Amino acid sequence: MTTAVAAPFRFFSLQVVRTRRLGPSLVRVTFGGPDLKDFHSDGRDQSLSLFLPHPGQPEPVIPIELGDGWWQGWRELPEDVRAVMRSYTLRALRRAPDEIDIDFVLHGVEPGAAIAAGPASRWAARAAAGDKVVLLGPAIADNRAIRFRPPEDADLVVVWGDETAVPAACAIVESLPAGTRARVWLEVPHAEDIQDVRTEADAEITWLVQDEGSVESSPMGSPMALHAIRSAELPDASDPYVWIAGESGCVKELRRHFVRERGIDRRRVTFVGYWRQGLTEEQLREAG
């Protein structure tokens, strides 16, 4: 079923090996399969496209047989037939056996939730061993879907991520070598979502808990994150590097803060909008 699409990326047919609840808002799904022997990534924020089946389908429907024309063919399929496509980041890659972890945010699946659960959250909440998915990911370890690339001269690493970026942010912090100074903010919906992040770096990690905040999120992002970072005193550094990812409005505001208010060279600020307030991934993709 697998085939190359655009090197260094290709399709991987996988199945669920196990799941583990990390907190009220997060579940870790472990995937395996023979295809993973050809999956390679050296990135800590490796971006992936995950294709999920609709309820009742045994596997995702993707016209992979069309080769490079798969994208157009996929778009032309009926909406209730074509596989659900969502973007995620790799949490971990292991060998012997070959496995990968992807952490899912469970928006709207809890009883009485203010927002409706999306198809990926619903799938992840009920995922079980043997469930089939298809992944579009890297076959080459160093690829363009890796964004965290601190310059060699970086003397301070600054990280912020909301719940959608926590998997990538945690993987980044865990990978930092001894002697690296890091200042990290991670934002989650509930205190029970806080994770134990182990790193050899000299890292100060602050967890921002949304249900303990006094201000609700707005279309411009999270006022709690903006206030926390604006009021923080960063360690002295001549060549800092910043990685920020999450809701697009908040990422935009934080980038403006680091560049304009703190005077950090914009070329040393990596920013990634994983989602946008009020838009589904389909709508965000159409908006370009």
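**Figure 1. Helix α5 and the glycine that follows it.** In this predicted model, α5 gives way to Gly263, a residue whose phi is positive, near 70°. The helix itself covers residues 248-261, and its 14 residues reach 19 Å from the first C-alpha to the last, close to the 20 Å expected at 1.5 Å a residue. At the start of α5, the backbone nitrogen of Gly249 has a side-chain oxygen of Glu247 within 2.8 Å. The buried residues of the helix are Gly249, Cys250, Val251, Glu253, Leu254, His257, Phe258 and Val259, and the elements against which the buried residues of α5 pack are β9 (156-161), α4 (223-230), β12 (240-247) and β13 (269-275).

**Figure 2. The largest nonpolar core and the surroundings of Phe31.** In soluble globular proteins, nonpolar side chains tend to be buried together. Here the largest nonpolar core holds 24 residues, and those with the most contacts inside it are Phe31, Ile100, Phe104, Trp123 and Leu135. At least two residues of this core come from each of β2 (9-23), β3 (26-32), β4 (47-52), β5 (84-89), β7 (99-105), α2 (119-126) and β8 (132-138). When neighbours within four places in sequence are left aside, Phe31 is in contact with Leu14, Gln15, Val16, Val17, Leu36, Asp98, Glu99, Ile100, Ile102, Phe104, Trp123 and Val133. Apart from this core lies another, made up of 23 residues that include Val157, Val159, Cys170 and Ala245.

Figure 3. Strands β3 and β7 run antiparallel and are joined by 7 bridges, and Asp101 in β7 is the bridge partner of Thr30. Strand β6, residues 92-94, also pairs with β7 in the antiparallel sense, over 3 bridges, and here Arg94 stands opposite Glu99. The hairpin of β6 and β7 has 4 residues between the strands, and within this hairpin Ala96 takes a positive phi near 55°.

**Figure 4. Gln46, a residue of the loop between β3 and β4.** Gln46 has its place in the loop that lies between β3 and β4, and it is buried, with a relative accessible area of 0%. Its side chain is joined to that of Ser41 by a polar contact of 2.7 Å, while a polar contact of 3.0 Å joins the side chains of Gln46 and Asn143. Neighbours within four places in sequence again being left aside, the residues in contact with Gln46 are Phe9, Ser41, Tyr88, Thr89, Leu90, Pro138, Asn143, Ala145 and Ile146.

**Figure 5. The protein chain as the setting of the close-up views.** The secondary structure of the protein chain comes to 6 helices and 13 strands, and buried residues make up 48% of its 288 residues. Among contacts in the chain with a separation of 6 or more, 69% are between residues 24 or more positions apart. The accessible surface of the protein chain comes to about 13,900 Å², and carbon and sulfur atoms account for 49% of it.

Terms used:
Residues are numbered from 1 along each chain as its sequence is written. This is a predicted model: local features need pLDDT of at least 70, side-chain atom pairs count only at pLDDT 80 or more; totals for chains, interfaces and linings use all residues. Side-chain values use heavy atoms; hydrogens and water are left out. A nonpolar core is a set of buried Ala, Val, Leu, Ile, Met, Phe, Trp, Tyr and Cys residues joined through side-chain atoms within 4.5 Å. Buried means under 20% relative accessible area, exposed over 50%, partly exposed in between (1.4 Å probe, protein chains only). Contact means heavy atoms within 4.5 Å. Accessible areas come from the Shrake-Rupley method with a 1.4 Å probe; for residues, only the protein chains shown count as cover. The expected span of a helix is 1.5 Å times one less than its number of residues. A polar contact is a pair of N or O atoms within 3.5 Å; within protein, one must be able to donate a hydrogen and the other to accept it, and residues adjacent in sequence count only if both atoms are side-chain atoms. Two strands pair if DSSP finds at least two bridges between them.
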